Amino acid sequence: QAQLMESGGGLVQPGGSLRLSCVASGRIASIQGMGWHRQPAGHQRELVAGITSEGTTNYADSVKGRFTISTDNAKNTTYLQMNNLKPEDTAVYYCFAIVQNSGVPWASAYWGQGTQVTVSS
């Protein structure tokens, strides 16, 4: 089993910045990828950004050029730097990780509990 813990959400004015963090812990042999989804109120969850263990990244078109995902593999941690935030970025942000647990040959997907990001003046 693995657990993900997010931090860094909050209230910010339009044009402002926030940095989200997500730490994975537990019986982890390796992490194949990590990333972030978000779910605005009344809407479906959508991919924001992902990064593989090799460093390949992928972003939703709506955040390209404003958000940057990175990882610290030694700390099993991923970060989402969000700049030039807009009201439409308001959502609950969920961290996910594709983890190979110790002692098993397959990988499993894990989710954090989410952190609220509100962009409002």
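User: Where is T78 placed?
Analyst: This is a predicted model. In it, T78 belongs to strand β8, which covers residues 77–82.

User: Is T78 buried or exposed?
Analyst: T78 counts as buried, because its relative accessibility is 0% and the cut-off for buried is under 20%.

User: What does the side chain of T78 reach?
Analyst: The T78 side chain reaches the backbone oxygen of S70, at 2.9 Å.

User: And which residues is T78 in contact with, leaving aside its neighbours within four places in sequence?
Analyst: Among them are L20, C22, M34, W36, I51 and C95. S70 is also one of these contacts.

User: New topic. How many aromatic pairs are there?
Analyst: The count is 1 aromatic pair. The pair is formed by F96 and W111, with 5.6 Å from centre to centre and 45° between the planes, and it is tilted.

User: Which strands do F96 and W111 lie in?
Analyst: F96 is in strand β9 (residues 91–101) and W111 is in strand β10 (residues 107–111), so the pair ties together parts that are 15 residues apart in sequence.

User: Is F96 buried or exposed?
Analyst: F96 counts as buried, at 14% relative accessibility. W111, at 41% relative accessibility, counts as partly exposed.

User: Last one. Which ring does R19 lie over?
Analyst: R19 lies over the face of Y79, at 4.0 Å from the ring centre.

User: What about R45?
Analyst: R45 lies over the face of Y94, and the distance from the ring centre is 3.7 Å.

Notes
Residues numbered from 1 in each chain as written. Predicted model: local features only at pLDDT ≥ 70, side-chain atom pairs only at ≥ 80, totals over all residues. Heavy atoms only, no water. Phe/Tyr/Trp six-rings, centres within 6.5 Å; stacked < 30°, edge-to-face > 60°. Helix = DSSP H or I, 4+ residues; strand = E, 2+ residues; numbered from the N terminus. Buried < 20%, exposed > 50% of the residue type's maximum accessible area, 1.4 Å probe, protein only. Lys NZ or Arg CZ within 6 Å of the ring centre and 35° of its normal. Polar contact = N/O pair within 3.5 Å; in protein donor to acceptor, adjacent residues only side chain to side chain. Contact = heavy atoms within 4.5 Å.
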